[in-house]
Amino acid sequence: MSNYIVTNPATGEAGTPFAQASDAQISAAIDAAHTTHQGWSKTTTVAERSVLIEKVAQLHRDRREMLAETIVREMGKPYEQALGEVDFTADIYSFYATNGEKFLADEAIPEFEGEGEAFIRRSSLGVLLGIMPWNFPYYQVARFAGPNLVLGNTILLKHASQCPESAAAMEKIFNDAGFPAGAYQNLYADSKQIEGVIADPRVQGVSLTGSERAGAAVAETAGRHLKKVVLELGGSDPFILLSTDDMDATVEAAIAGRNDNNAQACNAAKRFVVIESLYAEFLEKFTAKMLEMTPSNPMDEGTYLGPLSSAGAADGLEEQVSRAVKQGATLHARGDRSGTYFSGVVLTDVKPGMDAHHEEFFGPVAIVYSVKDEAAAVELANDTPFGLGSYLFSTDKAQVMRVANQIEAGMVYVNGVGLDSPELPFGGIKRSGFGRELGRFGIEEFVNRKLIRILK
């Protein structure tokens, strides 16, 4: 059984539990989603559904303060960053409202030379299940629900158990925007019930953002029932510094890349791979900035680093740091920890045989490596089971293109961090998952590309 309850990580205060859905309620939700797809989805146009998605975007903007305060309570995100998440979420919905018709337009097959005509018509598949994490409660949902509702798929959304209030707020937004009953439904379900949802023949696909363990379990269940899956899992993204003409700006980018969202982002920079000629200067300045960050009340103005999402998350991160040191890593520097308030940690001398070299740190812990040359930097950057994003800093354009081509990741950001945008596809390779969200590719995952050939 899942315990859907808000426990404020900044204060430890627990709210009132939300009732888990019964099996009968889950069955009724699947039935409503299927009925709505068979009716509403097939009798409305992309343009009509886009109008509703734009209303969803506007309601996020209208309710941004309430929505932001909710996720501060749920997972400790600093209030200013929470407002930014709501704004970005609204922009994603608007992006698909604006571009849906273009992305889903019939596509002629230019290579076709036979008699008559042949083209691809994109249409919905049916009911989809989304399983979403706590670290970006609105943004993650928008990446999944926005494009698929424009396409005409209907949505069952299982959110993280610590995000029941934001989950309910989003369901209300879709209802208030004018979507019919069954188009978007929030499920307070446990893992056993979710297995049943995936197995239901009316459900056509699953999108999960979360841990490797959760992704493997969902993919296994979906595979047994021949369901399409999109997975966005963990990451240990490299930040590769090969040259710079402004070390202070580069360090600021490194700090932001590691610590935005309380350093709890799958695509955060986590491993800092620095050419040896710049290593000493980078390490000194980076360490000083890491130690300057003092976690504080996420609702206070100007707070950059708030608490970690839960006491369990903080304890788990502490255990990782301790284990890394026991295995031979150097604790180069660390700040104080008080409960869920976890200050910055810098580790050096991490070697390939250590756990820390291959696992993800979800919190303000940075590993800094020194490498002798470009080839060694690429080798180290790729020596990870993950392949989500990466960050490359260099003043040499030819080097940028050469190295970017060799990095084993779904995304390479050059000379900047925080460069995500609704039109840019997001996703990874290796144990970071498969499939893409956002941009044109985000609306192409759960679609029937139906061939229509007309002889005359």
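Two strands are said to pair if DSSP finds at least two bridges between them. In this predicted model, strand S1 and strand S2 (residues 117–124) pair in the antiparallel sense over 2 bridges. Ala108 stands opposite Phe119 in S2. S1 and S2 belong to an open sheet of 3 strands, with the order S1-S2-S20 and antiparallel pairing. Strand S1 (107–108) and strand S20 (447–454) are its edge strands, and each pairs on one side only. In general, strands of a sheet pair through backbone hydrogen bonds, either parallel or antiparallel.

Another open sheet has 6 strands. Their order is S5-S4-S3-S6-S7-S19, and the pairing is mixed. Strand S5 (184–187) and strand S19 (433–434) stand at the edges. Each has a single partner strand, so one side of each lacks a neighbour in the sheet. Within this sheet, strand S3 (residues 127–131) runs parallel to strand S6 (residues 203–209), and 5 bridges join them. Val127 stands opposite Val203 in S6. Helix H1 packs on the sheet. H1 touches S3, strand S4 (154–158), S5 and S6. The direction of H1 makes about 155° with that of S4.

Helix H1 itself covers residues 23–43, which gives 21 residues. From its first C-alpha to its last, H1 reaches 30 Å. This is close to the 30 Å expected at 1.5 Å a residue. H1 also bends, by about 35° at His37. His37 is one of the buried residues of H1. An α-helix has 3.6 residues a turn, so residues three or four places apart point the same way.

Gly130 is found in strand S3. Is Gly130 buried or exposed? The cut-off for buried is under 20% relative accessible area. Gly130 has 0% relative accessibility, and therefore counts as buried. Leaving aside residues up to four places away in sequence, Gly130 touches Phe144, Leu156, Leu157, Lys158 and Ser207. Gly130 and Ile26 are 104 residues apart along the chain. Their C-alpha atoms are separated by 14 Å.

Helix H3 (residues 64–75) and helix H6 (residues 164–177) meet at an angle of about 155°. Their axes are 8 Å apart. Angles over 145 degrees count as roughly antiparallel, and H3 is therefore roughly antiparallel to H6. On the H3 side, the residues in contact are Leu67, Thr70, Ile71, Arg73 and Glu74. In H6 they meet Pro164, Glu165, Ser166, Ala169 and Ile173.

Strand S14 (residues 365–371) comes next. How many of its 7 residues are buried? The number is 6, so S14 is largely enclosed by the rest of the structure. S14 runs parallel to strand S9 (residues 269–275), and 5 bridges join the two. In S14, Ser370 is the bridge partner of Val274. Strand S13 (residues 345–348) also runs parallel to S14, joined by 3 bridges. Here Leu347 stands opposite Ile367 in S14.

Notes:
Residues are numbered from 1 along each chain as its sequence is written. This is a predicted model: local features need pLDDT of at least 70, side-chain atom pairs count only at pLDDT 80 or more; totals for chains, interfaces and linings use all residues. Side-chain values use heavy atoms; hydrogens and water are left out. Helices (H or I, at least four residues) and strands (E, at least two) are DSSP runs, numbered from the N terminus. The expected span of a helix is 1.5 Å times one less than its number of residues. The bend at a residue is the angle between axes fitted to the seven residues ending there and the seven starting there. Buried means under 20% relative accessible area, exposed over 50%, partly exposed in between (1.4 Å probe, protein chains only). Contact means heavy atoms within 4.5 Å. Axes are lines fitted to C-alpha atoms, for helices over the stretch in contact, and angles run from 0 to 180 degrees between N-to-C directions. Angles under 35 degrees count as roughly parallel, over 145 as roughly antiparallel, 65 to 115 as roughly perpendicular and the rest as oblique.
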